[in-house]
Amino acid sequence: MSTRHETKPGRRSLLTGLALAACLAAAPAMAAETALLNVSYDPTRELYRDINTAFAEYWKAKTGETVTVRASHGGSGSQARTVIDGVDADVVTLGIPSDIDAIAKLTKKIPADWRQRQPNEGLPYTSTVVFLVRKGNPKGIKDWDDLAKPDIKVITPNPKTSAGGRWNFLAAWGYAYTKDKDAEKANAFVGQLYKNVPVLDTGARGSTVTFAQRGLGDVLPAWENEAFLVFDEFGRDKFDIVVPPTSIYAEPPVALVDANVDRKGTRKQAEGYLAFLYTDQAQAIFAKHHYRPSKREAAKKEDLALLPEIKLFKIEDLQGNWDDIQKNFDNGGLFDQLSKAGR
Amino acid sequence: MSETLVPASFAAADRAAAPPASVVTEGGSVRWLLTGVAILFLALFLVLPLVTVFAQAFAKGFDAYLAAFREPDAWSAIRLTLTVAAIAVPFNLVFGVAASWAIAKFEFVGKSLLITLIDLPFSVSPVVSGLIYVLLFGSQGLFGVFLAEHGIQILFALPGIVLATIFVTFPFVARELIPLMQEQGTAEEEAALTLGASGFHTFLTVTLPNIRWGLLYSVLLCNARAMGEFGAVSVVSGHIRGLTNTIPLHVEILYNEYNFVAAFAVATVLAGLALVTLVIKSVLEWRYADELASGRAH
Amino acid sequence: MVETLRPRRRFRQPSVIPGFGLTFGYALTCLGLVVLLPLAALVARASGLGLSGILEVASDPRVASALKVSFGVSLVAALVASVFGFLVAWVLTRYRFPGRRLVDAVVDLPFALPTAVAGIALASLYAPNGLVGEQLEKIGIKAAYTPVGIFIAMVFIGLPFAVRTVQPLIAEIDKEIEEASATLGATRWRTLTRVVLPPLIPAVLTGFALAFARGVGEYGSIIFIAGNLPYVSEIAPLLIVIKLSEFDYGGAAAIATIMLAISFLTLLLINLIQAWSRRRFGYV
């Protein structure tokens, strides 16, 4: 087996392999173009696909420039982490203000007063938490109280990794607090509710799959857009949406990443992109995707009809500023204490 | 040599398996029971998941399956994955050959430690493999400030994905070749050297032919792992659509968009790669069983 | 370069084979840059917390329970993988049956199948409305979204290690010893347990340790099927990801360091077993 003529195939295949590898490696991986990067959170995939296409046309008509907007999606916290670690985001559109605060605090790439720099505190749209239940609502879920009842299984994502999970947590807490004005009682209520959670997915999307596709749980507290998306993707005949009498004013903010746009020279386009989010055209798209537009008059009537008037409370009004709110989810915070006590 | 070797190895296998007398094997019913249990176990734990991937991919027909590949994002994921593998695998190939030459052909102090260190990435959690590069090259990391000042992007771009992939596939080639080369000893190389061949020439004409099948085998496994790595790459990728999504990440994205058919359809690319890998590997094993025998255990 | 190295470098025994300096140097450089430097960065980051800081992270009940889940379930999974892996290896080398080679090829599937793909496939199979999950539900077993799900994923990825480490050794067993044992009047069971099995133990242990190490670190295939409940089905690698999204780099590094130390010890143990068996039985 060590005779000379047998060397060749081995060597040849090795060399061919290396040559092939070199060719592939040399193939251009990325082409140059004016590209903006929007680092967003999990459930906005469908939304920003529409927005980004519309913006490209809008910008082309307005300035003649070709701009493509790339999007990156994931759990809001881990998305913020990638921006902190150096993803070249021009704009961030995250699920909860504290995630943008974290970028501002840890990197100074975003100024601390970012919420004042956009209209409506950096909120081109808002949303609220409603309940997705099985068809016919067999467990008779009507309000937040029902979620803490013993025989109910609630599917919600981990508030540590998911902004949606944090909003659900805050909504439940805020509901209990507005009722009794007693923080201890509110804590106990939320603790009881989380005892009913059999699966804590890392992202809101994971929870929806668990509930809708895997058939686990009786109720999925979800943003309106997510609940309607489940209708569209999994069929209206399998689920119902229950709108509780009160719920939370969910605030997914947007911000410009100053340090990145200045380095890349994309400030003009990035600011144009954020401004575009507040135009009538974009506002109508938000409503079409079942988000609550900040300019209701820009949206179509039939889209607004699906977003009923309910009593919304702002979590800032109950728990003070966002630094305090975020402490619920920090290491050793309220969520940790509750899950420790729950076991 | 291959022509004569194959029947010989079959004969050996037959001798081993054919029961000359019941003293060296179990009774017929026990044999069937054990075989049945083993096959059932494998079917349940290994084959069924694979079948599921294909069943789900074609759940809504062939057109729905193909639709997943009309997305430009799918193609950019495939392109990125090929690029990453094309850099990571040759790197590990060269490293593996060099390391196993040094380890197998020489005796030196601290060899066990060196082998253990080479093995280390095997048992390091993929998440940790990603994390270490974040700690090194992230803006908050050791070289973060330096890289930012010089405008070098490692994390959330091709270099970071390549590095994480190299890390997780680091031991594959070396681990396969070390026992193989140890088994083969140094006599043939010494003979060639005595006859006046140069060191490099000896390697090409004596060592390489001896290890080629083991080498190919290990490159295949290395490649499959490189293309399929999820945890490590997911930490360093940034998940930018059309730019830094590899095939496994694209599968996850589609899955999270409730596009299950497309998710499993793209997954069949990787499952198909796995199957091709297994087929080539099995063919190699049947034909060159003896050459590979010592290298199988890793 | 070889000439300058060869003569009096004590740590290496002399040899006529060239290229030690080149290959050793190159291998060490790669190892240093790709593996050791990044791992050192990790340990450095964690040591910023000090030993007491690391211990504090580890003794946090949530972290402790995640480590317990990861190591505990992985231990059980590696045990099951070893038992069935041994059985599979035995059947594949000792018996002939139709489709044997196909079955043999199938064993390597988890090596080649990406973990994320395996994860979504396992989740859709073992979910309560999945093909297998439905049947298990009937007999009262909840598989997906419980530690059982973690166990299934870990057996999946660990099995090939268990099979492939013992298989070549079973093939090498000298039949004459078994014949001798049988001739001397031992029952088949006694021959197996007293003659055949003992030399295989190191290999079984190695396979067990490899499956264990892989299981402890596994992430991709588990998160889809685990349920990820704190104190119940949350694995340590997930906690690293969670710490990262909390921007707690020190905490992430601390958990990673603990896992790294245990991986390193496991591997060292494997190599010691192999060295021991080489002395004891003359092969690995």
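**A quick tour of three chains**

Start with chain A, where the side chains of A:D323 and A:K105 meet in a salt bridge, 2.9 Å from N to O (a salt bridge being a side-chain nitrogen of Lys or Arg within 4 Å of a carboxyl oxygen of Asp or Glu). This is a predicted model, in which local features need pLDDT of at least 70, side-chain atom pairs count only at pLDDT 80 or more, and totals for chains, interfaces and linings use all residues. Residues are numbered from 1 along each chain as its sequence is written, chains are lettered from A and ligands numbered from 1 in the order in which they are written, and side-chain values use heavy atoms, with hydrogens and water left out.

**Inside chain A: two domains**

- The domain assignment, which is automatic or from a database, gives chain A a domain 1 (33-124 + 252-299) and a domain 2 (128-249 + 310-341).
- The C-alpha centres of these two domains of chain A sit 26 Å apart.
- Contact (heavy atoms within 4.5 Å) links 24 residues of domain 1 of chain A with 23 residues of domain 2 of chain A.
- Together the two domains of chain A bury about 1,800 Å², with 53% from carbon and sulfur atoms; buried area is the accessible area (1.4 Å probe) that two parts lose on being put together, summed over both.
- On the domain 1 side of chain A, A:I96, A:H290 and A:R292 lose the most area to domain 2, together 32% of what that side buries.
- Six salt bridges are counted between domain 1 and domain 2 of chain A.
- Nine residue pairs in polar contact (both at pLDDT 80 or more) also cross between domain 1 and domain 2 of chain A. A polar contact is a pair of N or O atoms within 3.5 Å; within protein, one must be able to donate a hydrogen and the other to accept it, and residues adjacent in sequence count only if both atoms are side-chain atoms.

**Where chain A meets chain B**

- Chain A and chain B bury about 3,700 Å² between them, 59% of it on carbon and sulfur atoms.
- Two salt bridges are counted between chain A and chain B, and A:R45 and B:E257 meet in a salt bridge at 3.7 Å, N to O.
- There are 15 residue pairs in polar contact between chain A and chain B (both at pLDDT 80 or more).

**Where chain C meets chain B**

- Here 96 residues of chain C are in contact with 99 residues of chain B.
- Chain C and chain B bury about 8,900 Å² between them, and 78% of that is on carbon and sulfur atoms.
- C:I17, C:Y95 and C:R101 supply 7% of the area that chain C buries against chain B, more than any other three residues.
- One salt bridge is counted between chain C and chain B: C:D108 pairs with B:K281, with the closest N and O atoms 2.2 Å apart.
- Helix α2 (residues 20-47) of chain C gives the most to the side touching chain B, with 17 residues; helices (H or I, at least four residues) and strands (E, at least two) are DSSP runs, numbered from the N terminus.

**Chain C: the annotated spans**

- The unreviewed UniProt entry annotates "transmembrane region" at several stretches of chain C, including 20-44 and 195-213; such annotations may be inferred rather than shown by experiment, and positions follow the numbering used here.
- Residues 20-44 of chain C are 100% helix, with end C-alpha atoms 32 Å apart.
- Residues 195-213 of chain C are also 100% helix, and their end C-alpha atoms lie 29 Å apart.
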